[in-house]
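Biologist: Hey, could you walk me through this one? I'd like to go piece by piece.

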Amino acid sequence: MLCTRLTNARFLTMDPRHPVAHDLGIWRGRIVGVDEAVTSLPARRVVDLGGATVLPGFIDSHVHLAWAGLKAGTPSVAPCERIEDILAVVDAAARRPAPAGAWVEVAGYDQRALGRHLTAAELDRVSHGRKVFLMHDSGHACVVNTAVLELLPDGTPHEDGFLAESAMTAARRLRLPYSQEELADAIEKAARACLDEGVTACAEAGIGGGLLGHSPVELGAYQLLRDRGRLPLRVQLMASGDTLRPRAAHPDDGFPRSLDLGLRTGFGDDWLSLGALKIYTDGGMMARTAALTSPYEGTAGDTGRFQDEPERIAALIVDGHLAGWQLAVHAIGDRAADLALDALERAQRLRPRPDARHRVEHAGLIRPDQLPRFAALGVSAVVQPNFLRSFGDDYATVMGEGRADWMYRGRGFLDHGVELVGSSDRPVTDGSPLRAIQFMVERLSLSGRSIGPDEAVTVDEALRAYTVAGARACRWEDAAGALAAGKRADLVVLGDDPHRVAPSRIGDIQVLATYVDGRDARAGT
């Protein structure tokens, strides 16, 4: 007997053997089959979906749940566009009652509308003797007041209180760590927001260190949720690259660095597991720190920056590969992509691993000559289409006419045989997969500007990026990404079919229900 049969729906299975179905059977959290395989079977519960469209649950292959949840509960200066308005928010936050020594943390900072960065001196005027930390929306920079600057290690580079990349990390380390209980609450809050948008599984892009780690024991917060039955969707965790340490392993093991006990990609279960090793190469376009081969337009030769010495980054990539990890290499600019591809080529020469499934996270600006290199290495491109939907006007301006069409590609990757994987980088911008899919098809920013129109993909290809390709990038293809017998009963119920509405309406399709493990995770049934 089936636990549940879902009926009277248009199931877009993403399974080429049976692409469309009208019935789907579930038993103990797994799909038994579709249509004639289940229609006549008895079921404890039959759910009439009223003609809705059903897809495999969306997989968001690059998110920051803890950051998203914490940001949602933090005072924000978005969308302030005047210095005085930002300072007023900081002033109000600094006046709030707080334990002795507590920092004033403010989110939503973005200098682009202001025309310049705030300064430490300006923050000093409204800090009321407290340490102030304004997080840049990109996650790659911050502005702090003098009380924080005075605590930084000697030689930490800053520009009147503005700190980027590793300098920001130094400031964050003064504040950390958050408690596991605090992190657990934030993760659960963000995960439930994912469910509302049809996401049933995601990859947390870096815990325990790096730019956005929140505690050296951050994994414990996820285990806490899992143990208490409060983890509402499936999460794969990327360990930050700087959590690897030299290990005195047996010489035959062949790796110089690893996590404690040799933990690596694949450890865990269907709900919580270790995924790729996250390694940063450069910064981001929003903060103007993505590493480019040619300068940002309108600057005096600024080509962004690497997170560390290129040789040290490359060595970490190679060591991660030798230790058996799948790698998720953050590379937004084309100069950073060169570094990543060179290091991955070297790693594969030293120890060939044909199914390593290494990933380049973001792949924000990829030159035409780099596309064949992605394909030759079997590297997937994990892109964030909503970046261009939200920030495309600005990005296209700073890249200039000659490079704007290379940003966050779609068609270029697919035509070269590169796996195109969709993700959000939540909370940097809009996390909705449907709105991202709309952009992938239309290539229009919120203002209506066309950005790289030749990079547009079909609706099917965009849906695949958030289902089949997402599952493969996370090494879940045996259990997720399609509605087929034996796979997890994780699915999203939509108010319309993305194929049957105008592309401009895809992002507005209503998410009616999100099933995880055969149950409507939003309704609790």
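Biologist: How are α11 and α13 oriented to each other?
Modeller: They're roughly perpendicular, a label for angles of 65 to 115 degrees. Helix α11 (residues 385-399) and helix α13 (residues 433-442) pack at about 80°, with axes 8 Å apart. Axes here are lines fitted to C-alpha atoms, for helices over the stretch in contact, and angles run from 0 to 180 degrees between N-to-C directions. This is a predicted model, where local features need pLDDT of at least 70 and side-chain atom pairs count only at 80 or more, while totals for chains, interfaces and linings use all residues. Residues are numbered from 1 along each chain as its sequence is written, and side-chain values use heavy atoms, leaving out hydrogens and water.

Biologist: Which residues of α11 and α13 make the contact?
Modeller: From α11 you get Pro385, Asn386, Leu388 and Arg389, and from α13 Arg435, Ala436, Phe439 and Met440. Contact means heavy atoms within 4.5 Å.

Biologist: OK, new topic. In what order do the strands of the four-stranded sheet run?
Modeller: It's an open sheet in the order β7-β8-β9-β10, with mixed pairing. Strands (E, at least two residues) and helices (H or I, at least four) are DSSP runs, numbered from the N terminus. Two strands pair if DSSP finds at least two bridges between them.

Biologist: And which strands are at the edges?
Modeller: β7 (104-109) and β10 (162-164), each pairing on one side only. β7 pairs with β8 (residues 132-136) in the parallel sense, over four bridges. One of the bridge pairs there is Glu105 with Phe133 in β8.

Biologist: What packs on that sheet?
Modeller: Helix α2 (residues 83-95) does, touching β7 and β8, and its direction makes about 150° with that of β7.

Biologist: Last one: is Arg373 buried or exposed?
Modeller: Arg373 sits in helix α10 (residues 371-377) and counts as buried because its relative accessibility is 19%. Buried means under 20% relative accessible area, exposed over 50%, partly exposed in between (1.4 Å probe, protein chains only). Leaving aside neighbours within four places in sequence, Arg373 is in contact with Asp338, Leu341, Asp342 and Glu345.

Notes
Angles under 35 degrees count as roughly parallel, over 145 as roughly antiparallel, 65 to 115 as roughly perpendicular and the rest as oblique.
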